[in-house]
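Open the model in your viewer and keep the selection panel at hand. The stops below say what to select next and what is there.

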Amino acid sequence: MFEHLKWKLVERPLLPIGNSYVDAFPFLVLFLLLFISGYALKSKSRNKFRPFAQLAAFIFFIFVVHRCFCAMRGWLFAVQEIGRNDLAVFDGLFVFVPLIAFTILFGRVFCAWICPLGSTQELFYRAPLLKRFVINFSMPARRVKFLYLLLILTLVLFLLFILRPGTYFFAENVAAFWGIAAVLAVLALLFKPAMDAGLKRIRYFSLGIIAVIVALGVFITDPWCAFFKNEVDYSSLLAFFAVFSAAAVVSMAWCRYLCPMGAFLGIAVKASRAKIKRDIAHKLSDEACRNICYVEALKKDSLDESACLYCGRCVDAGASKIEEG
Amino acid sequence: MLIRGKGLIMSAVFIGVLCAGSGLYADDWAGFQHDVQHSGDAMVVFPNKEIKPLWTFAPTQKVWNYKKGSNVWSSSACIADVNGRAMVFAGLYNNNLYAIDAVSGNIAWRFIAGNSINSAPFFSVVNSRPTVYFASGDRAIYALDASTGEKIWSYETLEWNYAVSEAIVSSPVVISVDGRPALACGVWNNSQEPQNSFQRGEFFVLDAAGGHKIYSKVLSSTPLNSPAFAYINNKPVVFMSSRDGNVFAIDASKGETIWKITSCGELYSSPSVYVNGDKGISRLFIGSRFGNLYCLDAQTGKIVWTAKVGHAIDSTPAITTINDRVIIYAGSYDRNIYAFDADTGKEVWRFRTEDYISSSCAIARMGNETIVFVHSLDNKLYCLNGENGSLIWKVVLGKLIWGYNTRGDTIWSSPAVGTAGDKSILIFPCYDSKLYAFYAG
């Protein structure tokens, strides 16, 4: 029923490379957005700039740019095509190169300023009524969340069984299974909120397993593929539904526990010139930390560098400062 | 705009003229998607829907590993009357081109090339000699005597050296250049020699009788899909698409580009052309990886309409006329087979299979009804009513012989229809390594 839905406003390359479908325009937009976001993060008006950057990225990459904003699969695919298909190499690496370059220059600004999936999940946290539910971990709220997630999990498994999205059930449905994993991770958190730090390590496992699967030549999708590519991919849609549902229970559930790109950038940020550091002189309660930081990277006396999304909210609150090496 | 009236008759006359020129019979499935226009529409009538297995040809037990772009069989079989004997030609991944008796399923001869044969062979009678043409991953184009399998000529598109890789070739077609038969074929060659590396999608036009190069033209750095051919305003024009998203119209006589259009996604679909001489209308249809089905004016390359579907269209659109209405059939990775009105681009019907579709449709008749054959990756071959998309029958075939294939890297084979003796036959080269023949009547 969604087959004829078309939300891409542009259906041709705006700056075609070598008269082909490969478009330099998304590369320039990403470059520009990362550049502006990197500088805006350092400015005092970062809080005003960020929604604009998120909105611009969302509009450009979901509605304007016609092509896929491929994250992991495209990179490895491009490497395999070196010497055989130069266009595919550019097409696959155009996201990777600016992402790494700007992460090293400005920190992990992509996650909190540009990534449309992050922006979508953040909506739950920003909506005043929902936020109370999202950050509420009292026992009654946990019970409601638990039942809600069980319902989502059942629905996703049922749809997965009905739709059987891929020819190779596990391999091509990795996105859907990753979505299910996000729900399971949040369910685990409901049992024991102290597990948050441990669950965050799953991201590295997620990165490793996806890298291996892609290197083996398996076609996989991400939770955002269907939206970037304007296509009906059931695995991707199911994953998005699961991730979006999980984000209504724990803020930025995908970014916290499973995002392979986040895990990768979390490693790359160690080489970054710009780093956000906790200002211990500024005392905060656990509750206040949770209110400031979407991903609970901010703690009373520390900041988890690999989990930080570089939104700059803690810097605004005076709890952290940006240090340039 | 109108594409109505005598569309079917004109198409039939046009194909008939081409067939007469090249010694083809009207019910030959000469090559990829039946004819040089890739209509996929054979004038073959199945008497009833009781379609039964005729024979199965399974020549090899070897199961090599899947590699990017590999196909088990060539993209389609070709069915032809060779000196009164109905024959089926199909290439296999084991480098063999097989000629099989269409009635008995027995092998008549085989020819071993230097690499796998992924693209469809093309049959034509040139200089009174029944000839089968094919291209192989060994970078060569071959012409064989269709009766004996004897090599008439071969043309090497790139000389071997240690740095060249396997070629990616399109299905060849026999066209007419300045009144003589010529073979048009796209070949992608790649050399990774340090000082002289290149990736070249080159369009070759060879003398069909002698195999000499008439001209060649580099169109892209990516592989080219199978060329279609039509006379537009009495001018012979070849239409090609390349995987980098371009569609070309090339003057077949001079090799000059008439127009070119760039789409927003990779193109794995080959163009199909509809010409209505009465109305002075010519249309080109092609699907894209973005999921658009394009209808272009074949004269100018301007987009007439586009229709978006849920996922990539790698299949080549098939064209027919039902009750004076021109209908386009295309399968998509969104698992649906679609029928669109060629005038407006509106969906006429869709039929949902259980997995994605990369094969193209074959069109035939059952009594007065138009029927469509299509294969889906759910391992089933479907027969649908062409007018309303209702299922007539489906048959479960085997699974892929290799453990895994990367989605979208291979365009799997398509069915073909023809006649063998007094029987109407359906031939399907399946990725379970068997070549299936069905018949009705």
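Contact, as used on this tour, means heavy atoms within 4.5 Å. Helices (H or I, at least four residues) and strands (E, at least two) are DSSP runs, numbered from the N terminus. This is a predicted model, in which local features need pLDDT of at least 70 and side-chain atom pairs count only at pLDDT 80 or more, while totals for chains, interfaces and linings use all residues. Residues are numbered from 1 along each chain as its sequence is written, chains are lettered from A and ligands numbered from 1 in the order in which they are written, and side-chain values use heavy atoms, with hydrogens and water left out.

**Stop 1: helices 1 and 5, chain A**

Select residues 25–42 of chain A for helix 1 and residues 96–106 of chain A for helix 5. Their axes are 10 Å apart and the packing angle is about 10 degrees; axes are lines fitted to C-alpha atoms, for helices over the stretch in contact, and angles run from 0 to 180 degrees between N-to-C directions. That makes helix 1 of chain A roughly parallel to helix 5 of chain A. Angles under 35 degrees count as roughly parallel, over 145 as roughly antiparallel, 65 to 115 as roughly perpendicular and the rest as oblique.

Now show side chains. From helix 1 of chain A, Phe27(A), Leu30(A), Phe31(A), Leu34(A), Phe35(A), Gly38(A), Tyr39(A), Leu41(A) and Lys42(A) touch Pro98(A), Leu99(A), Phe102(A) and Phe106(A) of helix 5 of chain A. By class, the residues of this contact between helix 1 and helix 5 of chain A are eleven nonpolar, one polar and one charged. Here Ala, Val, Leu, Ile, Met, Phe, Trp, Tyr, Cys and Pro count as nonpolar, Asp, Glu, Lys and Arg as charged, and the others, Gly among them, as polar. An α-helix has 3.6 residues a turn, so residues three or four places apart point the same way.

Rings of Phe, Tyr and Trp (its six-membered ring) pair if their centres lie within 6.5 Å; planes under 30 degrees apart count as stacked, over 60 as edge-to-face and the rest as tilted.

**Stop 2: helices 9 and 14, chain A**

Select residues 139–163 (helix 9) and 234–247 (helix 14) of chain A, whose axes come within 10 Å and cross at roughly 180 degrees. Helix 9 of chain A is therefore roughly antiparallel to helix 14 of chain A. Tyr148(A), Leu149(A), Ile152(A), Leu155(A), Val156(A), Leu159(A), Leu160(A) and Leu163(A) on helix 9 of chain A meet Tyr234(A), Leu238(A), Phe241(A), Ala242(A), Ser245(A) and Ala246(A) on helix 14 of chain A. The contact of helix 9 with helix 14 of chain A has 13 nonpolar residues, one polar and no charged ones.

**Stop 3: helix 3, chain A**

Which residues of helix 3 of chain A are buried? Select residues 72–80 of chain A: Met72(A), Arg73(A), Gly74(A), Trp75(A) and Ala78(A) are buried. Buried means under 20% relative accessible area, exposed over 50%, partly exposed in between (1.4 Å probe, protein chains only). Their cover includes helix 4 (86–93), helix 5, helix 12 (202–215), helix 13 (225–229) and helix 16 (260–268) of chain A.

**Stop 4: chain B**

Chain B has one helix and 34 strands. Its C-alpha atoms fill a box of roughly 55 × 45 × 45 Å along the principal axes, and 68% of its 441 residues are buried.

The structure holds 47 aromatic pairs over all chains. For one of them, select Phe46(B) and Phe373(B): the ring centres are 5.5 Å apart and the planes at 65 degrees, so the pair is edge-to-face. Phe46(B) lies in strand 1 (residues 41–46) of chain B and Phe373(B) in strand 29 (residues 369–376) of chain B, so the pair ties together parts 327 residues apart in sequence. Both Phe46(B) and Phe373(B) are buried.

**Stop 5: two loops, chain B**

Most residues other than glycine have a negative phi. Asp324(B) has a positive phi, near 65 degrees, and sits in the loop between strand 24 (318–322) and strand 25 (325–331) of chain B. Asp324(B) is partly exposed, at 44% relative accessible area. Ser433(B), also not a glycine, has a positive phi of about 80 degrees. Select Ser433(B) in the loop between strand 33 (423–429) and strand 34 (435–440) of chain B; at 10% relative accessibility, Ser433(B) counts as buried.
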